[in-house]
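Visitor: Hi! Could you walk me through this one while I have it open?
Guide: Happy to, just ask away.

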Amino acid sequence: MSPGYHPVLDPTLAPPFTEAALPVLRNPQLRKNVAHAIDVIQAKRNKLVTEKTDWQELRAAASAIRAHTLENLAAYIEMFESRCTAAGGSVYWASDAAEARRIILEILRKENASEVIKIKSMTSAEIQLNPFLEASGVSVFETDLAEIILQLGEDEPSHIVVPALHVNRSQVREIFARRMGRPELTDDPRALTAAARDYLRKKFLSVPTAISGANFLIAETGGVAIVESEGNGRMCLTLPGTMITVAGIEKLLPRFQDLEVMLQVLARSATGERMNPYTSLWTGVTPGDGPQSFHVVLLDNQRSTILAKRVERQTLKCIRCAACMNSCPVYRQTGGHAYGSIYPGPIGAILTPQLMQMHHAQSLPYASSLCGECYEVCPVKINIPEVLLELRSQVVNQERRDMSRFVDPMYVGLRIADLLFSRAWLFHAAQRLGRIGARFFTRKDGWIHSLPSVGAKWTQTRDLRGLPDETFHEWWDSRRAKRSGEAG
Amino acid sequence: MRASLFITCYNDTLFPETGRAVVNLLERLGVDLEFNPKQTCCGQMHANSGFRSEAFSQAKRLVQLYRDAESVVIPSSSCVAMVRDQYPALFEELGNEALRREFAALLPRIYELSEFLVDKLKVDDVGAYFPHRVTYHASCHGLRGIHLGDRPFRLLAKVRGLELAPLPNLDRCCGFGGTFAVKNAEVSSAMLSVKLQDVFSTRAEYCTALDNSCLMHLGGAMHRQYAGMKTIHMAQILASTDSSPAEIAQ
Amino acid sequence: MTRPSIDSRTQIVERLRAANGSAALDREGLAQAYDALPRQYIRQGKLSPSAKIDLLIERLREYDADVVESTPEMLPATIGSRLAASRRKTFVVPSGAPSAWRIAGFDWKIDAGLDIKAIEDTDGVVTGASYAIADSGTIVLHHTAEEGRRVLTLLPDWHLCILRTSQVVETLPEYFASLKEPPQLVTWISGPSATADIEMTRIKGVHGPRLLNVILVCE
């Protein structure tokens with residue numbers, strides 16, 4: 001089956017990050033698969049970024065374009081709606097996930113659709129569309145290779161660009177052999193890919209309704225752009241008669257020309273290529289070419305709330321390239337499932353809790369050592385560490401109002417530390433007391449091997465030097481006393 | 001040249017030998033060093049844990065303590081990063097106009113140790129002697145936070161007898177991350193184990209850095225594993241001479 | 001068309017306006033702010049025309065595309081040799097393709113509203129293109145009469161694309177700068193389809209033509 005466990009990517013149900021990471025850390029195959037995948041993408045990305053001598057200028061432009069779009073989102077989104085409608089598209093607005101699902105189902109019912117083919121869409125996963133449609137009698141067929149692997153394997157995505165990176169070839173072979181009825185399949189990736197191609201061809205040519213996400217919505221033209229590698233996107237957006245695109249309201253770009261920046265940074269960041277194989281852009285409905293019934297569902301789902309917040313707004317600049325998680329040393333060890341959200345890694349750590357209005361996923365802002373690598377690589381310059389710190393302070397402010405804080409050793413410890421730091425004499429007294437207390441735990445070699453409570457978290461894998469007999473300031477004081485004694 | 005030393009709360013308590021080395025080194029270089037006895041902490045631990053108002057009160061204290069200092073030397077890049085990266089937002093949100101002015105006046109006078117040596121004293125040869133094979137670990141705050149660049153390498157290159165073994169994957173985080181080391185101890189340890197593979201591959205006797213925070217984490221595991229390598233803050237290497245070799249903790 | 005979400009539209013736009021607040025600009029202000037955005041990246045390429053063509057050919061060959069150069073006089077012969085080398089029989093062309101492309105000795109379908117099955121049953125497709133971008137090896141289709149509707153360059157397994165050297169630009173920004181207005185339909189093709197979803201092993205040719213042939217007509 002899938003790599004050995006069934007993760008939950010619903011932030012309202014997922015265990016906290018610290019707990020969710022444990023089984024992953026103990027899974028050598030998973031850790032190897034994740035590290036391997038990341039190393040491959042990173043090597044390609046780094047080579048092309050070095051080659052692109054105007055990389056920093058592109059980042060500056062990409063960041064500015066996205067920031068400007070967000071600052072004027074109301075104007076740009078209305079522009080998009082008007083142009084898209086004029087070109088023959090139908091535009092809908094969904095305040096939340098439930099409404100988006102209802103709107104999509106209503107469209108499907110009107111078209112008498114009992115089956116849909118899908119292009120991979122994080123947004124559709126965010127609104128949990130597939131289980132809802134299945135429960136409503138609509139069969140959903142994912143068409144991205146990774147999504148088929150996950151759908152047939154009853155597994156969940158662990159990365160936003162390479163969702164099945166935690167699955168290796170023999171695991172894929174086993175899934176395809178069983179679910180496609182192809183027991184003779186080898187585990188050669190070429191053979192597996194060919195099997196997927198055959199399996200999907202029939203679907204592409206027969207299912208009349210498709211659902212997609214969008215990489216970019218172009219305000220000035222009403223156009224929608226999809227960036228892909230496999231060609232299943234082109235199949236889904238060309239062959240069926242009906243197309244439904246669900247897109248977050250933040251996906252806007254002001255003008256068609258802005259793609260000259262975004263496509264350059266996206267391809268290099270996401271897959272380490274100068275340009276991905278296929279990028280498609282369409283505007284409303286084109287007679288004689290592609291779907292004649294086109295619908296765009298614009299999804300809010302907390303984005304307008306995030307937009308209103310000074311520090312957090314930059315979260316919405318994200319173009320879903322996954323460079324942050326590819327560079328993250330935490331993600332490298334845990335993979336995506338530990339984040340308990342379809343948005344994992346650094347971007348997930350800031351986006352998920354905000355989508356949950358800080359009622360869930362409060363452990364995610366702490367799932368970071370604040371190393372800053374994500375900010376370094378982000379093509380739109382989202383200062384992820386800055387947002388992480390802001391969200392941490394919101395989590396603490398929640399804690400300040402909760403009675404349980406008095407029994408949380410970290411909370412209590414930090415409040416006491418603040419008191420101790422407020423006066424040098426208090427700090428010094430605490431140091432002296434600490435020195436005495438530490439003696440109990442300090443072994444003959446001068447090191448501490450085991451501590452209780454929160455300290456045990458340190459000593460489970462590391463020793464700690466025992467407190468020295470003299471603090472620096474005590475040394476300084478006695479040296480000064482000696483010198484003035486000598487002088488006098 | 002006068003300078004005021006901000007030793008940092010954890011160096012004061014856990015790594016006084018680093019402080020002694022800074023004093024010996026700077027005095028040897030002719031710096032008239034002072035030490036404000038009222039100092040405690042820069043507020044980083046509280047800021048990074050989400051306790052912003054507490055962090056602000058510590059930040060305010062620090063800024064007021066060093067109002068009259070000519071320069072402030074801090075042997076910890078994470079604390080310098082705290083002052084440069086986070087103090088502006090804290091003073092903006094929680095401070096007043098007067099405090100913001102005081103902070104703005106102090107900011108250019110704050111130096112991490114290697115910055116003070118290279119930029120202010122304009123030396124890279126500090127007359128050090130440390131005949132050992134050493135690898136240098138670039139802390140994230142030093143590398144990406146305050147952009148120390150090649151300063152540490154320039155200083156180490158001039159240490160007589162020192163054989164520098166470059167660390168592979170230099171830009172990868174060691175996993176300390178402050179309270180992260182305890183709040184997410186298992187992931188921190190996984191990152192540590194990956195980092196140690198690179199550190200051990202250098203076959204160095206000592207792993208050095210400009211932050212005792214990372215070194216506490218790396219060194220703690222080395223000690224647990226009887227690894228045959230030790231950690232040492234770069235101040236102690238730079239202070240080391242043949243007549244006065246480095247103070248190395250057990 | 002009934003839109004049960006009209007309420008939501010009002011609510012969402014209100015929230016967005018409130019979030020944008022006093023920073024929101026009027027039409028003219030918006031255009032000015034847009035024009036002031038920093039664009040210090042490379043806009044114009046620096047290569048000579050022949051170096052630019054060489055770069056395009058190099059990038060296309062990196063994608064395993066088969067690239068040959070030709071001239072307007074030699075073009076029919078070049079097309080003939082490409083078709084023969086393919087060992088394929090049945091080809092489809094867009095309705096706006098020059099009749100000179102339909103070389104004798106092969107079965108030709110003209111897409112004037114063919115049904116999908118007919119396109120699926122061909123061995124290959126021959127089209128023009130609107131632009132090519134050298135530094136990424138990208139072929140740009142605007143789906144004109146000479147390029148055909150999108151399904152035409154999607155279903156057949158073999159695609160012969162006829163490009164003129166005057167259609168080649170070096171950089172992506174040059175392509176955008178040369179447009180008088182944004183096209184309604186675009187497909188940017190940079191190599192055959194690919195996936196790296198299985199252990200990051202790059203497999204070429206998933207959906208869409210697995211074989212790409214390009215004739216560069218030097219003018």
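Visitor: Which residues of α11(B) meet α12(B)?
Guide: In this predicted model, Leu192(B), Lys195(B), Leu196(B) and Val199(B) of α11(B) meet His217(B), Leu218(B) and Ala221(B) of α12(B). Contact here is two residues having their C-beta atoms, placed from the backbone, within 7 Å. Helices (H or I, at least four residues) and strands (E, at least two) are DSSP runs, numbered from the N terminus.

Visitor: How does that contact split by class?
Guide: The contact of α11(B) with α12(B) has 5 nonpolar, 1 polar and 1 charged residues. Ala, Val, Leu, Ile, Met, Phe, Trp, Tyr, Cys and Pro count as nonpolar, Asp, Glu, Lys and Arg as charged, and the others, Gly among them, as polar.

Visitor: And at what angle do the axes cross?
Guide: The axes of α11(B) (residues 185-201) and α12(B) (residues 212-224) cross at roughly 80° and come within 11 Å. That makes α11(B) roughly perpendicular to α12(B); angles of 65 to 115 degrees count as roughly perpendicular, under 35 as roughly parallel, over 145 as roughly antiparallel and the rest as oblique. Axes are lines fitted to C-alpha atoms, for helices over the stretch in contact, with angles running from 0 to 180 degrees between N-to-C directions.

Visitor: Remind me about numbering and confidence?
Guide: Residues are numbered from 1 along each chain as its sequence is written, while chains are lettered from A and ligands numbered from 1 in the order in which they are written. As this is a predicted model, local features need pLDDT of at least 70 and side-chain atom pairs count only at pLDDT 80 or more, but totals for chains, interfaces and linings use all residues.

Visitor: Switching to chain A: what is the strand order in the open sheet?
Guide: The order of the 6 strands is β1-β10-β7-β4-β2-β3 in chain A, with parallel pairing. Two strands pair if DSSP finds at least two bridges between them.

Visitor: Why is one side of β1 and of β3 left without a neighbour?
Guide: β1 (89-94) and β3 (139-142) of chain A stand at the edges with a single partner strand each, so one side of each has no neighbour in the sheet. On average, neighbouring strands of this sheet are turned by 25° against each other, direction ignored.

Visitor: What about the bridges made by β2(A)?
Guide: Strand β2(A) (residues 115-118) runs parallel to β4(A) (residues 209-212), joined by 2 bridges. Ile117(A) stands opposite Ala210(A), and Lys118(A) has Ile211(A) as its bridge partner. Towards β3(A), 4 bridges join the parallel strands, with Glu115(A) partnered by Ser139(A).

Visitor: Now chains A and C. How many residues does each give to the contact?
Guide: Chain C gives 62 residues and chain A gives 74. On the side of chain C that touches chain A, the largest share, 11 residues, comes from α1(C). That side divides into 34 nonpolar, 17 polar and 11 charged residues.

Visitor: In which sense do β9(A) and β9(C) pair?
Guide: They pair in the antiparallel sense over 4 bridges, with β9(A) covering residues 278-283. Tyr278(A) has Ile189(C) as its bridge partner.

Visitor: Last one: how far apart are the domain centres in chain A?
Guide: Taken over C-alpha atoms, 57 Å separate the centres of domain 1 and domain 2 of chain A. Those domains are 70-305 and 409-487, with bounds from an automatic or database domain assignment.
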